[in-house]
Every structure is written in C-alpha cells, then in structure tokens.
Amino acid sequence: MKKRKKLIIGIGVVAVAAAGSIVVLGQQAQDGQVIPQVEVVQAVRGDVQQTVEASGTVVSEEEKTYFSPVNAKVDEISFHEGEVVKAGEKLVDFNLKDLQREEKKAAMNLESGRLDMKNTLNKSDKAVQKQKDAQGNVSELEQKVEDQENYVANLKAQLAQATADAQARASQEAARQAAAAQAAQEAQQQEIQRQYVEAMTVWQNETLPAYQKQLNELSVKANQALTDYNQAENTYQMAFQAWTADPSDINADTLSQAESERSEAQVAWQNAQTAYEDYKAQEPAAPQLTDFASGSNGSDFVSDGTNSGSYEQVSQGTSSAAVDTSGIESALEQASSDLAEMQSELASQKAVAEADPGAVTEEEKEKMQITNNLSELDQMSAEELVEAAKKGISADFNGVVSGVSVVEGATVTQGTELFTLQNTDHVDVNVNVSKYDYDKIEKNQKAEITLAGETYQGTVREISHIASQNEKGASQISVKVKFDHPDENVFLGVDAKVTIQAKKAEDVIVLPAEVVNIGKEGSFCYVLEEGVVTRKSVTTGLSSDDYTEILSGIDEGEMVIRDLGTLQEGMQAQAADPVAETGEDSQ
C-alpha cells in the first residue's frame, strides 16, 4: 500500500521530545529537588487534510426501461441479462405479420382521455387557485385585524385620558373658584364657605373618583365581554365551517358547544353593557350652596350682591368633571363591531386556506399521462406500427442489460416491459456517512474509489439533505460519488470503498491531536511558562486523525507538553530535548 501524508508541513517539521512522558532524572532546582522533564512538541505551520472513509454500492446514474411499442411476436433477442451492450446496438426484432390496429377507435379513446385530463386539471387548478387566493387574503386580513385591534386599544386609551383630563381640570377650577369665594366672603360667609368647600372636596376626591373608577371598571368589563363574544362568534364560525365540510357527530357536538358558548358570551356582554349604562345614569350630583345656607347660629346666608355668583361658579366648575365621552364610546363600539366582523372573515378565509382543495396529485397526473401515452400508442396507424416493428429496439447508450422480462417467441402487447438498460458511462458509488462526518463533505470534492483492487478517481456529485436511519437507529446521510473515468472493470451492484478528500486548512498552526484536550469549558493544552506547567485555552479548527488546527491560544513555535503523566498544573518542569517528526503515516 502507498504512503499518504495526513499532515503536510508547510514550514519546518514537527518537533517532539525524546521517548517517555516524564524523565525522572533532570536538573536540580536551587532547593536541591530534581525538576522532572516532560516531552514537548512544537507548534508549527502546516496543512490539515480531513478525509472521510465509507463503503457503498456501485450503481448507475441513469437507467432506462424499454417497453414494447407494438402488439407483436418477438422474433429475436440479441442479449441476455448482465451483458454489456453498445449504444445503437439492435437488441430486439419483432414479427410483422399480426400487426392490426383499430385506428379510429384508438384516436377517439386518445381524444377522450385528453379531454378528461384537461377537464380534471382545470378543476384542480381552480380549486388550488381558490385556496391560494384565500391564503393571500389571510395575510391581508391578519394585518387588518391587527390594525383594528390597535385602533380599538387607542380609543380605549383616549376614553381613559379624556376622563382623567376632565377630572384634573374640574379639580383645578374648583380649587381656584373656592379660594376666590373664600377670600371674598365676610366672616359669616367663611364658615359657610368652609363647610361647602369641605363637602365639595369630599365629592371631588372621594365620591366622584369612586364613581369614575367604578364606571371605568364597568366599561372595561363591557369591552372584555364584547371581546369574549367576538371570540365565541369566531369559534362558532370555524365550527360551522368544519361541520359544513364534515357533518360528523364530533363536529356537530363541537358546533352545538360553540353555539352555546356564543349565546352565553352574548348574554354576558349585554348584561355588562346594561350595567355600564345604568351606572352611568347614576352620576352623583355635586353639593349645592343651598345645602350650606344656614350658619351655626341658625341665620340664613344673605349675599350683599358682590359675590352672589361665587358658589354657583364653584358648582359649575366641579360638575364639568363628568366630561361627555359619548363620541369616543360610540366610535369604540363601532370599532369593536368592525373588529368582530374582520375576525369572523379571517376565520372563514383560514378555513378555506387550510382545507384540502382536492388538487390532482403528481401521481394522478402521471397516471393520466400514462393513460394518454397508451392511447397514443393505440392511435398509431397500422403503417406506423409496422414501421416501429421494423425498427425494433436499439440501445440508447452504453450499458448493462438488467431486469429482462421477455423471451424469444413470446407475443407482447404495447406497453409490455421488456428489459432495463443501465448506463455504464455514468456510474456512482452510493455511500452512507455518519452524522459526525457529513458536515465535512461538500459537492465537487475529490475522492478515491477502490474496487476489485483497482483505484479510480471520483467526485462528490450529490449529498442528500434528508437523513435516514441505519439498522442500529443512528442517523446517516446518503452521498453519491461519481466515477470520473469508469472502465470495463467497473461492475454494477458490487461493493466499493471510498475515501473522500474533505475540508482542508492550508498554512495554519497545527499540533498533534493527542496534545489537545477537551474539557467542559472547551479545548486546552498544557505548556511550560517560566518552568511552570500552565494550562492554556485554545480554539481549534479542522482536525485529521493525527493533527489539529489551532486558531488561537497557541502561537507558532510554542512548546506544548505532550503528556503530563503524574504532573499537575502549577508544578515545575523542564522540556526534554525535542526530536524531529515527519508526520507521514503508512496507509
């Protein structure tokens, strides 16, 4: 067997220490202890070539099955199974005596088949187009629903903000007017004003906020009930679509359940809306000045005319907290209704988009085409059939005959399978690669194929992207390696060994694979730094069986400890004298 370098050194050679992991005898330290020696290897530049070895079966890239073009007797067969034939070589001769065709009937059958196929394909295309349109509508409707949901959320925010702003303005205006009235009143008026402002403050800070809070909570509940109702309506529509497509007991039960839940959600929404409207009509009235017109001495307050409008202005200012939000509420109700309609339409379009359109499958198309092809054969005139019989069957390419299902003297009909011809000019080896190696392989990588003691050059032609399972349940990837120049010694169906020249790193820093360790935190090496065993993390690249590419962590020329033996990190040690290593392995 020839030698093949697994590592091609670009500059210099790999230096390693003398035999032995640790030499007990070594130089003495200042304290009299013997410093142990360790075997080291030098990081150098070189090339790392990965290879992937596998075995597989030799197969043809192309094969053709030949069928009888006529109803006739086979006069002569000039081949046998496993025989190599040349392109253009005549392989089958037919007897011409009994060739009779019913051309008109065959023509009518052919036209009928074509019309049936055209009609079926047109119906299939319409169904598929309807589904595609629905799929396109789904995306558009989803965007509209999202926009409408954002619009509804914005209206809710506007409603809350309007209420809060009105409360703030009313509170500020009431405070300003109360202060003005308080300053304008005489001593008798001050006590009345104090009582009134105190009552008004309680109304503003407790009564009215509590009312607004409860009103907002009822509004939120009503909106949530409307959302629940819309969702129940969508669920009902989807259940109705499913029941319409398949009125089974399960779908009928689902539809009944959805209808019940929709009715319950509708009642809940109507109740929540009624509670909101009833409570809204119960807005608490602001305290009136007349309620505080009598002082503690029992005398009624009489205005001197200069401040007669003060209490009325305070009352009017505070009552403005109940801002009119009917416009926003109306817009919110309409927007929620529109959102429910959009969601219902979206559910309907999704049902169409996800339903089986009943499209014609590729197998059905192929079957119809085969039927039409057979009809075309039937439609051939007697003259055409005789001409076809005269021509017989010849090989379309160089190949090996397989699957012979006809004998001389037999009478065959149109479409009868005769034999299969496998191309010997375009040959592959089908191999399976493990999940640990498939990422190293790329199309057009070169390979060596060993077959019956002969070595052929090959090229990776195809890599499957679907893994299969071997008999042990392990994942594997199918790879086709093409013979670059197959010859007559290449036999189909036999086993062959393949060595793929996989990924390669050139002119990189390399180390022997055994000096690179792998831990929980990644790869690392041990080096000597000022006579102390030190651990250094490294980043690795490609690896062959013997060598590993170092991307970072170790510099060119740096000495790396090959084997620690009984030493540990932090101990003192010295490097043994290195010796040269060629990096060549016998294959």
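**View 1. A pocket in a predicted model.** On a 1 Å grid over the protein atoms alone, a pocket is an open set of points where a 1.4 Å probe fits, with protein on both sides within 12 Å along at least five of seven lines. Points are joined across faces, edges and corners, and the volume is the space filled by probe spheres set on them. In this predicted model, the second largest pocket holds about 290 Å³ of space. It has 14 lining residues (an atom within 4 Å of a point), and the closest to its centre are Val-84, Thr-424, Asp-487, Glu-488 and Val-490. By class, the lining splits into 7 nonpolar, 3 polar and 4 charged residues. Here Ala, Val, Leu, Ile, Met, Phe, Trp, Tyr, Cys and Pro count as nonpolar, Asp, Glu, Lys and Arg as charged, and the others, Gly among them, as polar.

**View 2. An open sheet of 4 strands.** Strands are DSSP runs (E, at least two residues) numbered from the N terminus, and two of them pair if DSSP finds at least two bridges between them. The order here is E12-E11-E9-E14, with antiparallel pairing. E12 (393-394) and E14 (411-412) sit at the edges with a single partner strand each, so one side of each has no neighbour in the sheet. Take a look at E9 (residues 72-77): 2 bridges pair it with E14 in the antiparallel sense, and Lys-73 stands opposite Thr-411 in E14.

**View 3. A hairpin made by E23 and E24.** Strands E23 (residues 522-529) and E24 (residues 532-537) run antiparallel, joined by 6 bridges. Tyr-526 stands opposite Arg-535 in E24. The hairpin has 2 residues between its strands, and Glu-530 in the turn shows a positive phi of about 55°.

**View 4. Two tyrosine rings, Tyr-211 and Tyr-279.** The structure holds 8 aromatic pairs, meaning rings of Phe, Tyr and Trp (its six-membered ring) with centres within 6.5 Å. In this one, the centres are 5.0 Å apart and the planes at 25°, so the pair counts as stacked (planes under 30 degrees apart). Tyr-211 belongs to helix H2 (residues 187-245) and Tyr-279 to helix H3 (residues 249-280), 68 residues apart; helices are DSSP runs of H or I, at least four residues.

**View 5. Where to read with care.** The chain averages a pLDDT (the predictor's confidence in each residue, from 0 to 100) of 82, and 85% of the residues score at least 70. Over residues 295-299 the pLDDT is below 50, and this stretch has 4 contacts (heavy atoms within 4.5 Å) beyond near neighbours in sequence. Residues 579-587 are also below 50, with 25 such contacts.

Residues are numbered from 1 along each chain as its sequence is written, and side-chain values use heavy atoms, with hydrogens and water left out. Local features need pLDDT of at least 70 and side-chain atom pairs count only at pLDDT 80 or more, while totals for chains, interfaces and linings use all residues.

Notes:
Phe/Tyr/Trp six-rings, centres within 6.5 Å; stacked < 30°, edge-to-face > 60°.
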